[in-house]
Amino acid sequence: MYYNDKTTIFLDGKWVKAESASTSLFSQTLHYGAGVFEGVRSYETEDGAMIFKAKEHFERLHYSAEKMHINLAYSTEELIVLSYELLERNDLQNAYIRPLVYLGENMALQPTNEVHVLLCAWSWDRYLGDKQLKLMTSSFERPNPKSCFVEAKVTGHYTNSILATTEAKQNGFDEALLLDMNGHVAEGPGANFFYEKNDVLYTAPLGNILAGITRQTVFELADELGITVVEKYFTPTEVYAADGAFFTGTATEVVGIESLDGNSFQLQWEDTLGATLSKAYLNRVQKKEYKNFELV
Ligand code: PMP
């Protein structure tokens, strides 16, 4: 699914076949989760494949690397150019691009000088599908911001996400919704959360969540469409009474939510602000109108 015998990846300065690439079993990232990564999408547009908000994604990768004491030797500009080459070499247009910065052999709990950079890509449908999701409030909290850099996209943080999604699925739900350490709604395992009440959108403020690039895009689209978005702390009980809700994420895009803990929202998805924004999002990512599409 992720690669076949023709797939080419970028690994440490070279273009190599995915199936013949290898790495050390003593990588610090493999043992302790101290790597950083991104999830980026490219879209087929009238001007060819365009990577949506490439600059923002690679700047976040740099931020994550810096927080984890990882020396990422490629500039944002270089990573963008390499990503376009990756798409071209694999003949991909609508694709998910996965940059991963992982570390060399080091079993000590200290920074590692050996740094590996992987860029790979594959075709990926919407991560959570197209249908409206049934969510469950997770028994797992998002990591306390005093335990890590929550705004860094660190591989090890995703053990929390895997536990939450697995718990939700085992209980018959589609996905989890995680709270922060104070009992406020934070985000999904791999997406930011918004709910709608009386024509206003609400979402958690930064601090206990990943600063989603799609979340930011939704702010921009909402502004253009005259929709008010309020960042505030709220509880699952407030969400139970919502008119609608949705998740945002690069892999997920903008996907509707049907219910939380069995409490269905008031409006049909088609009648929500989320549905309007979901359409506006697809329109935005497939058009070159957006300045961040420009190659640097
Ligand atoms: N929160 C978490 C925990 C995520 O993993 C993601 C996906 N990167 C998001 C939110 C959404 O972020 P973005 O819109 O930048 O993809």
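## Where the ligand sits

Where does the ligand sit? Its place is the largest pocket. Keep in mind as you explore that this is a predicted model.

Around the ligand there are 16 residues. The closest of them are Tyr 158, Glu 187, Ile 213, Thr 214 and Thr 250. Two elements, α5 (213-225) and β14 (244-249), each supply at least two residues of this shell.

The side chain of Tyr 158 has an N or O atom 2.4 Å from an oxygen atom of the ligand. For Arg 60, the distance between an N or O atom of the side chain and a ligand oxygen atom is 2.8 Å. Glu 187 faces a nitrogen atom of the ligand instead, with a polar side-chain atom 2.6 Å away.

How much of the ligand does the protein bury? Taken alone, the ligand exposes 380 Å², and the protein buries 96% of that.

## Helix α3

Next, find helix α3, which runs through residues 76-89 and has 14 residues. From its first C-alpha to its last, α3 reaches 20 Å, close to the 20 Å expected at 1.5 Å a residue.

Which residues of α3 are buried? They are Thr 76, Leu 79, Ile 80, Leu 82, Ser 83, Tyr 84, Leu 86 and Leu 87.

## Two residues with a positive phi

Just after α3 comes Asp 91, with a positive phi of about 55°. Asp 91 has this positive value while being a residue other than glycine. You can find Asp 91 in the loop between α3 and β6 (95-103). Is Asp 91 buried or exposed? Asp 91 counts as exposed because its relative accessible area is 71%, and the cut-off for exposed is over 50%.

Asn 198 lies in the loop between β11 (192-197) and β12 (200-203). With a relative accessible area of 58%, Asn 198 is exposed.

Note on methods
Residues are numbered from 1 along each chain as its sequence is written. This is a predicted model: local features need pLDDT of at least 70, side-chain atom pairs count only at pLDDT 80 or more; totals for chains, interfaces and linings use all residues. Side-chain values use heavy atoms; hydrogens and water are left out. Helices (H or I, at least four residues) and strands (E, at least two) are DSSP runs, numbered from the N terminus. The expected span of a helix is 1.5 Å times one less than its number of residues. Buried means under 20% relative accessible area, exposed over 50%, partly exposed in between (1.4 Å probe, protein chains only). A residue is near a molecule or strand if one of its heavy atoms lies within 4 Å of it. A polar contact is a pair of N or O atoms within 3.5 Å; within protein, one must be able to donate a hydrogen and the other to accept it, and residues adjacent in sequence count only if both atoms are side-chain atoms. Accessible areas come from the Shrake-Rupley method with a 1.4 Å probe; for residues, only the protein chains shown count as cover. On a 1 Å grid over the protein atoms alone, a cavity is a set of points where a 1.4 Å probe fits but cannot get out, and a pocket is an open set with protein on both sides within 12 Å along at least five of seven lines; lining residues have an atom within 4 Å of a point. A molecule sits in a cavity or pocket if more than half of its atoms lie within 2 Å of its grid points.
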